Amino acid sequence: MDHLSGLDAAFLYLETPQTPMHVGSLHIYELPASYKGSFVDDVRKHIARRLHLAPVFRRKLLAMPLDLANPVWTLDDPDLDYHIRSAVLPKPGSREQLDQLVGKLHSKLIDRGRPLWEFYVIEGLRKPADAPVGTRHVGFYAKVHHASLDGASAVVLANAMLDSTPVPREVREAPDDDAPPADAYGAAELAGAGLRHLGGQILGIGRALPAIARTAAQLLRPPPGSGRGAPRLPLPSQWFGPRTALNANITPQRAFASVSIPLDEAKRVAKAHGASLNEVVLAICSGALRRHLGAAHDLPAKPLLAAVPVSLRAAGNTQMNTQASMMRISLASDVADPLARLRAIHAASASAKALTSSVKAVLPTDFPSLGAPWLISGLATLYGRSRLAERMPPIANVTISNVPGSPVPLYLAGARMLTYYPASIAIHGVALNITVESYNGSLDFGLTACRKAMPGLAGLARDMAIAHRELLATLEASAAEPKSPASAKRPARRTTPTASAGAAASRTAAAKKRPAAGKPTAGAEAKMTTSKPKPKPKPKPKPKAAAKPRSPRRAAAARATAD
């Protein structure tokens with residue numbers, strides 16, 4: 001049996017009508033001028049031929065008796081007419097209307113009695129004026145439960161669905177289906193499997209505890225030479241985020257907005273200022289939030305904190321599950337200057353990464369699940385009903401995630417994908433989620449929020465474009481800024497022949513072996529060169545006193561210089 005890990009199952013238990021736990025994406029596809037068919041029908045046929053390439057298409061939940069432990073995955077034959085649906089935008093079919101429809105679709109829970117995914121083909125989208133003649137644009141919204149996959153495995157799912165050319169590639173044939181149906185397992189068999197899995201989880205945690213303890217000791221132990229009492233890594237300078245309108249209990253209704261930024265421009269900003277692309281993304285979000293909250297008179301004096309997901313997935317791991325953790329980074333939203341804000345985010349990011357990299361290898365993604373369905377579900381319901389999110393200090397103000405995507409255009413059933421806007425999860429206390437996907441030379445921002453907490457989400461998307469232009473302006477300012485006198489090229493120092501000869505003699509002495517007997521040493525040459533020239537003898541000079549012999553210390557120093 002394929003048991004859900006503790007982390008995957010947690011997304012099931014934390015889900016309530018107010019907090020759906022699915023992730024999604026909005027795409028715009030361009031159909032060629034020669035296309036005449038029904039795109040939704042073609043998508044169904046396309047997916048039917050590729051169901052075996054991604055387990056998420058067929059996996060369905062099977063609960064344990066009395067919900068004593070995590071459920072297991074079974075395989076099912078999905079009803080593609082149900083899972084792949086069509087929708088039509090009202091006229092004029094604007095991008096704003098498309099985002100509004102995605103917000104409504106993203107608000108609805110996924111039916112757990114079926115495989116945990118849904119696709120929507122959205123017709124009626126208005127084509128921009130610069131689109132090729134005869135082409136047609138359609139929207140495509142996909143959502144999959146987070147218990148099935150995370151951001152990295154979503155890219156694996158996309159690779160199974162999509163092609164790199166307009167002509168779909170040939171895929172391997174589906175293997176023989178020998179998986180037992182869900183009703184083939186009895187209650188006793190399920191309970192026995194659950195107990196065996198629970199034992200394995202306990203053993204796994206037991207094996208990990210020594211490594212966790214060693215890592216904790218290393219982090220808390222003072223570094224060498226720092227004295228007692230100082231931890232190896234600095235403690236957070238800000239334990240909680242300031243309270244804003246984003247940090248409230250949320251309702252089931254979602255709002256969605258999207259914006260695209262050229263990837264090469266963001267990379268230029270990162271390279272010019274010694275930052276990473278992810279830090280530039282954080283700076284764009286910070287600038288937009290600063291502008292947006294400032295206009296609403298809700299900008300706090302303390303900097304906002306971002307919860308940033310961190311992948312725990314090893315290189316080459318393509319498992320369709322969740323392998324991620326979270327780190328917090330200051331957005332420096334209290335800094336007015338865009339460049340100074342980026343530098344502050346760079347420093348905060350470096351500190352957070354140092355801590356995360358130290359504990360990343362020992363963070364468990366599976367843990368004992370006995371009673372977890374009851375316990376976690378009850379606590380999640382109690383947390384929402386008690387409105388604790390509005391009473392407790394915020395752990396973070398916003399969730400921001402950056403997922404690398406395909407650098408080349410992709411195709412679905414012959415249609416070219418133009419955009420890749422992610423849609424994600426809002427929770428009580430963190431009503432805004434910003435997820436970014438890099439795709440084909442663009443950074444596509446998808447903003448998901450509680451509609452009540454963020455009624456002006458489209459305005460925040462426009463503020464992100466403004467924040468990006470502010471960072472671009474720092475490049476022009478840096479290029480136009482005159483060089484400081486300290487950075488100007490200084491004239492070469494005048495070197496006396498005596499000093500030059502001495503330096504040459506020293507290099508000669510270091511590069512060559514000691515000369516043969518009878519020849520002057522390099523030190524003697526240097527001494528002769530650097531000593532003052534003797535005056536010409538005068539006629540009948542008066543006799544001078546004999547030179548005072550050198551002391552033993554000076555003689556030893558002279559020999560060391562010669563060596």
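The following questions and answers explain how terms are applied to this predicted model.

In this predicted model, local features need pLDDT of at least 70 and side-chain atom pairs count only at pLDDT 80 or more, while totals for chains, interfaces and linings use all residues. Residues are numbered from 1 along each chain as its sequence is written, and side-chain values use heavy atoms, with hydrogens and water left out.

Q: What makes up the secondary structure of the protein?
A: The protein has 14 helices and 16 strands, where helices (H or I, at least four residues) and strands (E, at least two) are DSSP runs numbered from the N terminus.

Q: Why is tryptophan 374 called exposed?
A: A residue is buried under 20% relative accessible area, exposed over 50% and partly exposed in between, with a 1.4 Å probe and protein chains only. Tryptophan 374 has 57% relative accessibility, and therefore counts as exposed. This tryptophan belongs to helix α10 (residues 372–386), and together with Leu66 and Leu68 Trp374 makes a nonpolar surface patch of about 370 Å². Patches take residues with over 30% relative accessible area and no salt bridge, joining like charges within 9 Å and nonpolar side chains (Val, Leu, Ile, Met, Phe, Trp, Tyr) within 5 Å.

Q: Why are cysteine 285 and cysteine 450 called buried?
A: Cysteine 285 has 0% relative accessibility and cysteine 450 has a relative accessible area of 1%; both values are under 20%, so both residues count as buried. Across the 563 residues of the protein, 43% count as buried.

Q: How many disulfides does the structure hold?
A: The structure holds zero disulfides, a disulfide being a pair of cysteine sulfur atoms within 2.5 Å.

Q: What makes arginine 112 and glutamate 15 a salt bridge?
A: A salt bridge needs a side-chain nitrogen of Lys or Arg within 4 Å of a carboxyl oxygen of Asp or Glu. The closest N and O atoms of arginine 112 and glutamate 15 are 2.8 Å apart, so the pair meets that limit. Arginine 112 lies in the loop between α4 (95–106) and β6 (117–123) and glutamate 15 in the loop between α1 (6–13) and β2 (22–31), so the pair ties together parts that are 97 residues apart in sequence. Arginine 112, at 34%, is partly exposed, whereas glutamate 15, at 11%, is buried.

Q: How do you know that arginine 44 and aspartate 81 meet in a salt bridge?
A: Their N to O distance is 3.6 Å, which is within 4 Å, and therefore the pair qualifies. The two residues link distant parts of the chain, with arginine 44 in helix α2 (residues 39–48) and aspartate 81 in helix α3 (residues 80–83), 37 residues apart. Arginine 44 is buried at 19%, while aspartate 81 is exposed at 54%. Asp41, Arg44 and Asp81 are linked in a network of salt bridges.

Q: Where in the protein is confidence lowest, and where is it highest?
A: Confidence here is pLDDT, the predictor's confidence in each residue, from 0 to 100. The lowest mean, 39, falls in helix α13 (residues 522–530), and the highest, 98, in strand β16 (residues 442–450). Over the protein, the mean pLDDT is 79, and 67% of its residues reach 70 or more. Over residues 484–535 pLDDT stays under 50, and for this stretch the model has 14 contacts beyond four places in sequence, contact meaning heavy atoms within 4.5 Å.

Terms used. Accessible areas come from the Shrake-Rupley method with a 1.4 Å probe; for residues, only the protein chains shown count as cover.
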